[in-house]
Amino acid sequence: MGLALAQSGRLVDARAMWADLLARSPADAPYRPDLAARLERLDQMIAASGGAPAASGEPAPASAAPAPASGKK
């Protein structure tokens, strides 16, 4: 379902669904690394589109924050 949401452009909804799944998943679940990677990618896509990651679920990783513009060319 999360993939369908992401593919239809509902990135924030997809992120909320996957963050909830990650929060409920056992620590040793074999799909956790893939799910965490998908969440990080969604955070990057949401940030690039001018939005912010969903408030529910896990916080956005620091690497998902857009780099500040230096103003130099």
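Modeller: The model is a predicted one, and L22 has its place in helix α2. With a relative accessibility of 5%, L22 counts as buried, because the cut-off for that class is under 20%. L35 lies 13 residues away from L22 in sequence, while the C-alpha atoms of L22 and L35 are 6.9 Å apart in space.

As for the helix itself, α2 comprises 14 residues, and from its first C-alpha to its last it reaches 20 Å, close to the 20 Å expected at 1.5 Å a residue. Its buried residues are L11, A14, R15, W18, A19 and L22. These residues lie on the same side of α2, because they cover an arc of only 130° around the axis. On the face turned away from that buried side, α2 carries the exposed residues A23 and R24. The cover over the buried residues of α2 includes α1 and α3.

W18 shows this setting in detail: apart from neighbours within four places in sequence, W18 is in contact with G2, L3, A6, L35, R38, L39 and L42.

Both L22 and W18 belong to the largest nonpolar core, a set of 11 residues that also holds L5, A6, L11, A14, A19, L35, L39, L42 and I46. At least two residues of this core come from each of α1 (2-7), α2 (11-24) and α3 (32-48). The helix that gives the most is α2, with five residues.

Notes: Residues are numbered from 1 along each chain as its sequence is written. This is a predicted model: local features need pLDDT of at least 70, side-chain atom pairs count only at pLDDT 80 or more; totals for chains, interfaces and linings use all residues. Side-chain values use heavy atoms; hydrogens and water are left out. A nonpolar core is a set of buried Ala, Val, Leu, Ile, Met, Phe, Trp, Tyr and Cys residues joined through side-chain atoms within 4.5 Å. Buried means under 20% relative accessible area, exposed over 50%, partly exposed in between (1.4 Å probe, protein chains only). Helices (H or I, at least four residues) and strands (E, at least two) are DSSP runs, numbered from the N terminus. Contact means heavy atoms within 4.5 Å. The expected span of a helix is 1.5 Å times one less than its number of residues. The arc is that of the directions from the helix axis to the C-beta atoms.
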